[in-house]
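Please prepare a short briefing on the structure shown below.

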Amino acid sequence: MANEVILATTGLYTGDLLWYLILFAVLLVAVGHFAWNPVNDMMEKRRNKINDDIDHAQSARQTAEEQQKKTAAALADSKNQAVAIISKAQQQGSAQQDQIIAQAHTDAETMKKQAEKDAAQARQDALAHAKDDIADLSVQIASKLINKELDASAHQQLIDSYIKGLDNNNGQTR
Amino acid sequence: MDDKYPIVQLWGLHFNLTNDISGLVAALIVFGLVYWLSRKPQFRPTKKQNLIEWMMDFTDGIVHSAIPGDEAQPFRLYAFVLFLFVFMSNQLGLAIEVKAGDLTWFRSPTADPIITMSLALMTLLLTHYFSIRKFGFGGYMRNYTKPFAFLLPINLLEEFTNFLTLALRLYGNIFAGEVLLTLIHQFAMSMGAISFIGAIPLELIWQGFSVFIGSIQAYVFVTLAMVYMSRKLEQE
């Protein structure tokens with residue numbers, strides 16, 4: 001292969017330039033194919049995975065925060081609702097109480113009036129009854145006294161006026 | 001130094017076999033390392049995978065600090081391979097230097113300016129390629145007249161200084177390290193047992209320091225490559 005071997009310390013060995021360019025190009029391709037690309041791909045994969053994980057963690061955190069906010073809002077709402085329900089119940093209770101008391105008052109009033117009315121009626125009845133009895137009794141007594149049959153109907157007016165006077169007297173003395 | 005190298009002529013081109021063998025070994029070691037580390041990548045990384053991912057993150061960091069955003073994507077692999085290759089080339093010569101007779105057969109390939117210039121040339125050609133791809137040829141040419149038209153000669157000159165500084169900084173550092181290692185070696189052999197024992201700590205210290213320099217220079221080389229790339233990709 002060698003045409004001639006020169007033993008020298010000088011001389012521009014330009015062939016080395018070519019040799020190194022080829023050597024380096026081959027080394028570049030070989031390293032790239034056998035070492036760089038597989039490892040670089042793996043690093044890329046890992047980088048993507050880490051990125052995905054970070055994104056995922058972020059979105060998960062966001063969801064959790066939203067959920068937490070919702071829960072807190074729901075809790076606050078339920079508290080408000082509870083307060084509203086209690087106050088409503090209290091209002092209703094007091095309204096019912098008032099109503100019951102008012103009802104009782106009116107009932108009592110009605111019953112009192114009824115009783116008064118009944119009493120007045122009873123008195124009236126009793127008076128009427130007594131009036132009739134007194135009239136009969138007076139007629140009997142008078143007839144017995146004068147021994148003469150009195151015509152009850154003929155003297156009815158007299159008797160009535162008498163009783164009225166009695167009644168008035170009664171009213172005045174009371 | 002007065003080292004001699006096996007040089008063969010083929011198709012009218014001169015090949016320095018020392019550089020070619022060393023470069024091939026460095027490339028094989030780099031490939032073997034990342035191939036071994038990257039077997040069966042898993043979602044939950046193993047220790048091996050952690051190591052290669054850490055290296056990838058490291059060079060990605062270099063790329064992203066120079067080129068922001070998605071534009072950095074095509075250069076991540078390039079920066080990774082470039083860094084590992086330069087790093088391995090820098091370190092190889094510290095551990096191993098093979099001489100047979102007069103000829104040196106193995107050493108750090110980056111201790112040769114031709115090799116560092118090859119790497120720098122490759123990098124800078126890529127920057128021009130990506131600049132043209134982004135702005136079109138017209139836009140690429142117009143970028144030389146920005147921010148001011150009268151800066152055109154300086155901008156043109158800068159292209160060459162970029163190339164030279166990128167290549168020669170790496171070469172100078174690694175070459176100097178190797179020269180000093182060779183000098184310490186010569187000193188060790190010069191006066192028998194006394195100097196041999198005396199040279200051991202010197203050699204140790206300088207080798208450790210060279211490992212540090214080799215790492216720093218690999219980092220600097222890749223960083224500057226990416227900085228030049230970013231400057232070609234932005235409208236000034």
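## Overview

Read from the N terminus, the elements of chain A follow the order β-α-α, that is, 2 helices and 1 strand. Helices (H or I, at least four residues) and strands (E, at least two) are DSSP runs, numbered from the N terminus. This is a predicted model, in which local features need pLDDT of at least 70 and side-chain atom pairs count only at pLDDT 80 or more, while totals for chains, interfaces and linings use all residues. Residues are numbered from 1 along each chain as its sequence is written, chains are lettered from A and ligands numbered from 1 in the order in which they are written, and side-chain values use heavy atoms, with hydrogens and water left out.

**Chains**

- Chain B has 6 helices and 4 strands, arranged from the N terminus as β-β-α-α-α-β-β-α-α-α.
- Of the 174 residues in chain A, 14% are buried; buried means under 20% relative accessible area, exposed over 50%, and partly exposed in between (1.4 Å probe, protein chains only).
- In chain B, 46% of the 236 residues count as buried.
- Among the contacts in chain B with a separation of 6 or more, 69% are between residues 24 or more positions apart; contact means heavy atoms within 4.5 Å.

**Helix 2 of chain B**

- The end C-alpha atoms of helix 2 of chain B are 29 Å apart, which agrees with the 28 Å that its 20 residues should span at 1.5 Å a residue. The expected span is 1.5 Å times one less than the number of residues.
- Buried residues in this helix include Gln49(B), Ile52(B), Glu53(B), Met55(B), Met56(B) and Asp60(B).
- The buried residues of helix 2 of chain B pack against helix 1 of chain A, and also against helix 1 (17-37), helix 3 and helix 6 (192-233) of chain B.

**Helix 4 of chain B**

- Helix 4 (residues 113-142) of chain B spans only 32 Å between its end C-alpha atoms, whereas a straight helix of 30 residues would span 44 Å at 1.5 Å a residue.
- Helix 4 of chain B has a kink of about 110 degrees, centred on Gly136(B). The bend at a residue is the angle between axes fitted to the seven residues ending there and the seven starting there.

**Salt bridges**

- The whole structure holds 6 salt bridges over all chains, each being a side-chain nitrogen of Lys or Arg within 4 Å of a carboxyl oxygen of Asp or Glu.
- Glu44(A) and Arg47(A) form a salt bridge, with N to O at 3.0 Å. These two residues are 3 residues apart in helix 1 (residues 15-146) of chain A, so about one helical turn separates them.
- Glu44(A) is partly exposed at 34% relative accessibility, and Arg47(A) is partly exposed at 39%.
- Arg61(A) and Glu65(A) also meet in a salt bridge (3.5 Å, N to O); both lie in helix 1 of chain A, 4 residues apart, about one turn of the helix.
- An α-helix has 3.6 residues a turn, so residues three or four places apart point the same way.
- Arg61(A) counts as exposed at 59% relative accessibility, while Glu65(A) is partly exposed at 37%.
- In chain B, the closest N and O atoms of the salt bridge between Arg76(B) and Asp60(B) are 2.9 Å apart. The pair links distant parts of the chain, 16 residues apart: Arg76(B) is in helix 3 (residues 75-95) of chain B and Asp60(B) in helix 2 (residues 47-66) of chain B.
- Arg76(B) is buried at 6% relative accessible area, and Asp60(B) is buried at 8%.

**Ser89(B)**

- Ser89(B) is part of helix 3 of chain B and is buried, at 1% relative accessibility.
- The side chain of Ser89(B) reaches the backbone oxygen of Phe85(B) at 2.7 Å.
- Apart from neighbours within four places in sequence, Ser89(B) is in contact with Ala26(B), Ser108(B), Pro109(B) and Thr110(B).

**Record annotations**

- An unreviewed UniProt entry lists "transmembrane region" for chain B at residues 20-38, 75-94, 114-132, 179-200 and 206-229. UniProt annotations may be inferred rather than shown by experiment; positions follow the numbering used here, and feature names are shortened.
- Residues 20-38 of chain B are 95% helix and 0% strand, with end C-alpha atoms 27 Å apart.
- Residues 179-200 of chain B are 95% helix and 0% strand, with end C-alpha atoms 16 Å apart.

Key. Polar contact = N/O pair within 3.5 Å; in protein donor to acceptor, adjacent residues only side chain to side chain.
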